[in-house]
Amino acid sequence: MAEVRFEHVRKKFGRDVVAVDDVDLTVEEGEFVVLVGPSGCGKTTLLRCLAGLEQLNGGRVWIGDRDVTSLPPRSRRIAMVFQSYAVFPHLKVGDNIAFGLRMQKEQDAEIKRRVAQAAEMLHIDHLLDRYSAQLSGGQRQRVAVARAIATKADVLLMDEPLSNLDALLRLEARAELKRLVQELGVTTIYVTHDQIEALSMGDRIAVMDGGRLVQVDSPLTVYDDPADIFVGSFIGNPPMNFVEATVEPGDGTPVVRLSGGSFPLPIDDIGPLAERELMLGIRAENIEVRKEPAEALIRASVVVLEPLGSHNLLTVKTGNDVLKVAARADLFPPRDSDVWLRIDPERIRWMDRQSREAIAS
Amino acid sequence: MSGESSARMRTILLHAGAVAMALWILVPIYFITAAAFSTQEAVFGYPKPLVPQISTGTLEFFLGASGVLPSFRRSVVVAFVTLGLAVAIGTPAGYALARFRFRGSDTFRLLIVSTRAFPIVILSIPLAVTFIRFGIDDSSFGLALMHTALALPFTVLVTSSVFAGISEELEEAAMTLGCNRLTAFRKVVLPLALPGLAAAAIFTWIISWNEVFAASILTLRNRTLPAQVLAALTQSPLPFQFAGGFVLLAPALVVIFVIRKYLFSLWGRVSR
């Protein structure tokens, strides 16, 4: 177990494709950090830089107190689970799990013990004599994880380990992988493009875009308080709503103006919000839908209603803006009918329209 | 109705074409084989019996003819030396082409193929002169060098497609598990590539075994079997020609049959 530190890490491909751009990130000992972002954001490249599978163009990588920047993968004391699992097809499952241990020249008895232990943890002890071709996708994924944890590496790296599983299996494997990593307590860096995976698994989430780290925070903070419009739109399903807005002092209480209406904002000091082009960010579940008009509500018309069981997802139009709203499951407003929205002022996240970054308030 | 019948017609034509092409190749092979395994007298006989009387007389006559056995032996030696050289040089090149993106790798690939577009006839005189100057004319080693040059494009392309079929992540996984590049290759890539590499090697062997033109130019007294048969063709009796044809044909056919799966992959078909 060890802490992992990226210092000003840069990685270019060819002359001008910058895959990782000046990334600083510290992963605490025993922490589970998820790198998440759209495809091509550099998250896998950053992971491969840590593994030693890519050479850096700048910066340093530390594991514990060792500068591993110029060490080959084998000397870094890491273990990696690949997206394709990379289970060696010419070796039996048992020999796959033992591979790293044999390379470390462990005693035969120790190898046997650790293989059995890793296999048991992943419930594949009955498959040790099979070849990869005789396994299902889910089993192969378990073999890859068992092989990685058997070496007891300082850091466990996982590159989209669940993305090749079908939806139902993925849900199951997600919970189990989280349990396993918590049990092992090993420092883990996990790459995924799936924001739900990121939210559900990580101690902290590191959101990447265009080779840069945009936000590193706990899942709830990233969800509730995105650092910019990109993070708000990328994390969460449905994405956070962003609509153009202005805030005016009003007489007494400040007023928020949207293209479809206005409502009071009960704060004392609108300081940084005054006279500024703003984007109002609000999650679908923080908008209340009512069938009757009342004070401080905004009128909207229903575009689409999608019943999702636990709630109904409404797409509504107010002025020029389209919003996704989570309505109660018993509310079925017909298409084109009017509804009235209450935007919870407490849950609004204000973004600057130009910089697209959050405004501290 | 008409669409259905025209589709049916197309299928029939396709099959007829395939059958015609197969016969075009198979009928001569059949006659050569049949003649090679009949008595010398039967070779001249007409009409041929549908099921010939099997006899090794013709083959024995061919193998007993002067110069045939030594040239047979020489052919085998040249083919094996070619195999060794071509695999030793071609496999690393194939690996590099499959694994590394380097400037001009596409051009390099094209250049490899284009060596085969250059007619060897034009090269023959300067080649013979050069070989005489180096004193490797009329020798098995010299000829093996030439055959290596001819076989290398195939060796490089086939081995590169073999390596390209082995996921790079397997190698990387091996490296995270304690291997360096070399041990990762030895412990993971090589075992997986071995069948394909063997196929490439055997194909190289066949290229040398079948090659007649360079062999005829570069050797005189120490001819390989194809060159020997070709040289003797005009003044040899019919049974000799048939038996010679069969001896040259059989190994090539068997080998192509065994490794056909890998040859398809060379042309972009999935082999596994």
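Reader: Where is A:Lys105 found, and what makes its phi worth a remark?

Author: A:Lys105 is found in the loop between helix H2 (93-103) and helix H3 (108-121) of chain A, where helices are DSSP runs of H or I with at least four residues, strands are DSSP runs of E with at least two, and both are numbered from the N terminus. Its phi is positive, about 60°, although A:Lys105 is not a glycine. This is a predicted model, in which local features need pLDDT of at least 70, side-chain atom pairs count only at pLDDT 80 or more, and totals for chains, interfaces and linings use all residues. Residues are numbered from 1 along each chain as its sequence is written, while chains are lettered from A and ligands numbered from 1 in the order in which they are written.

Reader: How do you know whether A:Lys105 is buried or exposed?

Author: A residue is buried if 20 or more other C-beta atoms, placed from the backbone, lie within 10 Å of its own, exposed if 12 or fewer do, and partly exposed in between. A:Lys105 has 8 other C-beta atoms within 10 Å and is therefore exposed.

Reader: What is the phi of A:Glu275, and is that residue buried or exposed?

Author: A:Glu275, which lies in the loop between strand S13 (261-264) and strand S14 (278-282) of chain A, has a positive phi near 45° and is not a glycine. Its 9 C-beta neighbours inside 10 Å make A:Glu275 exposed.

Reader: What makes S3 and S9 of chain A a pair, and in which sense do they run?

Author: Two strands pair if DSSP finds at least two bridges between them; strand S3 (residues 32-36) and strand S9 (residues 204-209) of chain A have 4 bridges, and therefore count as a parallel pair. A:Leu35 stands opposite A:Ala206 in S9(A). S9(A) also pairs with strand S10 (residues 212-217) of chain A, here in the antiparallel sense over 5 bridges, with A:Ile205 opposite A:Asp217 in S10(A). The hairpin of S9(A) and S10(A) has 2 residues between the strands, and A:Gly210 takes a positive phi near 55° in that hairpin.

Reader: Why does one side of S6 and of S10 in chain A lack a neighbour in the sheet?

Author: The open sheet has 6 strands in the order S6-S7-S8-S3-S9-S10 (chain A), with mixed pairing. Because strand S6 (78-81) and S10 of chain A stand at the edges and each has a single partner strand, one side of each is left without a neighbour in the sheet. For S6(A), 4 bridges join the strand to S7 (residues 155-159) of chain A, and the two run parallel, with A:Met80 opposite A:Leu157 in S7(A).

Reader: Which peptide bond of chain A is cis, and where does its proline lie?

Author: The bond from A:Asn237 to A:Pro238 is cis, with omega near 0°, and A:Pro238 is found in the loop between helix H8 (229-234) and strand S11 (241-248) of chain A.

Reader: How many residues does each chain bring to the contact of chains A and B?

Author: Residues are in contact if their C-beta atoms, placed from the backbone, lie within 7 Å, and the contact takes 14 residues from chain B and 19 residues from chain A. On the side of chain B that touches chain A, helix H8 (168-176) and helix H9 (181-210) of chain B are the elements that give two or more residues, and H8(B) gives the most, with 6 residues.

Terms used. Contact = placed C-beta atoms within 7 Å.
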